[in-house]
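Me: I have a chain to look over before I set anything up. Can you take my questions as they come?

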Amino acid sequence: HKPVGLVCSHDSGEGPRVYDLLPERWLKRNPKVTTVGRLDKDTSGLLLLTDQGELVQRLTSPKSHLDKVYLASLNREPPAGAPEAFAHGLELWDEGRLLKTLPASLRPLGGNRVEVTLREGKYHQVRRMFAALGMQVLTLERIRFGEWSLGELAPGTWRALPLP
């Protein structure tokens, strides 16, 4: 369970790292333990780590289309048309070109809280999708990645999982 404030980089110059939470023996593995995808510094939640390069490729491949589920709190309640906009895909600028996201699911949870399900993982995608609708994400937590759920795992702790 990645807490807010940690980076998913191996470079210690970028700040506190998720790898600093792992047992020392894991940091000495060859091949190196790496994250399956990333969560930005301001996002918490489920983060998979492995030393299996083939598994990383399989789980992060655009062809995999694994669901990634997030809970978000926004600066205001989403407008009535937001779920439909997410379902059709939104246009986002990416490195100077306009790209359309794959359809996503937006489920209002009441007030300014929502659940978002994506099948892709573009750079800061959830935050950028809400920004395209004029909203700001205040908190963001990934609670599911494919078949794995965060459950009751406390921030900053980890558990071993069976390989898929």
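Me: Is glutamate 115 buried or partly exposed?
Reply: Glutamate 115 counts as buried, at 18% relative accessibility. Bear in mind that this is a predicted model.

Me: Which side chain does glutamate 115 meet in a salt bridge?
Reply: That of arginine 107, with 3.1 Å from N to O. Arginine 107 counts as partly exposed, at 43% relative accessibility.

Me: How many salt bridges does the count come to?
Reply: Seven. Among the residues involved, Asp67, Arg119 and Arg144 are linked in a network.

Me: What about aspartate 40, what does that pair with?
Reply: Aspartate 40 forms a salt bridge with arginine 127, and the closest N and O atoms are 3.2 Å apart. Aspartate 40 sits in the loop between strand 1 (34-35) and strand 2 (43-45), while arginine 127 belongs to helix 4, so the pair ties together parts 87 residues apart in sequence.

Me: And arginine 127, buried or exposed?
Reply: Arginine 127 counts as buried, with a relative accessibility of 19%. The cut-off for buried is under 20%.

Me: Which residue does aspartate 20 bridge to?
Reply: Arginine 17, with the closest N and O atoms 2.9 Å apart. Arginine 17 is buried, with a relative accessible area of 13%. Aspartate 20 is partly exposed, at 46%.

Me: Switching to pockets. What volume does the largest pocket have?
Reply: About 760 Å³. Its lining has 34 residues, and those nearest the centre of the largest pocket are Arg38, Gly121, Lys122, Tyr123 and His124.

Me: How does the lining of the largest pocket split by class?
Reply: There are 14 nonpolar residues, ten polar and ten charged.

Me: And what is the volume of the second largest pocket?
Reply: About 650 Å³. The second largest pocket is lined by 31 residues; Trp26, Leu48, Leu49, Arg159 and Leu161 lie nearest its centre. Two or more lining residues come from each of strand 3 (49-50), helix 2 and strand 10 (148-149).

Me: How many nonpolar residues are in the lining of the second largest pocket?
Reply: 21 are nonpolar, with six polar and four charged.

Me: Now the overall fold. How many helices and strands are in the chain?
Reply: Four helices and ten strands.

Me: In what pattern along the sequence?
Reply: The chain reads α-β-β-β-α-β-α-β-β-β-β-α-β-β.

Me: What share of the residues is buried?
Reply: Buried residues are 41% of the 164 in the protein chain.

Me: Last one. Of the contacts with a separation of 6 or more, what share is between residues 24 or more positions apart?
Reply: Those account for 60% of such contacts in the protein chain.

Terms used. Residues are numbered from 1 along each chain as its sequence is written. This is a predicted model: local features need pLDDT of at least 70, side-chain atom pairs count only at pLDDT 80 or more; totals for chains, interfaces and linings use all residues. Side-chain values use heavy atoms; hydrogens and water are left out. On a 1 Å grid over the protein atoms alone, a cavity is a set of points where a 1.4 Å probe fits but cannot get out, and a pocket is an open set with protein on both sides within 12 Å along at least five of seven lines; lining residues have an atom within 4 Å of a point. Grid points are joined across faces, edges and corners, and a volume is the space filled by probe spheres set on the points. Ala, Val, Leu, Ile, Met, Phe, Trp, Tyr, Cys and Pro count as nonpolar, Asp, Glu, Lys and Arg as charged, and the others, Gly among them, as polar. A salt bridge is a side-chain nitrogen of Lys or Arg within 4 Å of a carboxyl oxygen of Asp or Glu. Buried means under 20% relative accessible area, exposed over 50%, partly exposed in between (1.4 Å probe, protein chains only). Contact means heavy atoms within 4.5 Å.
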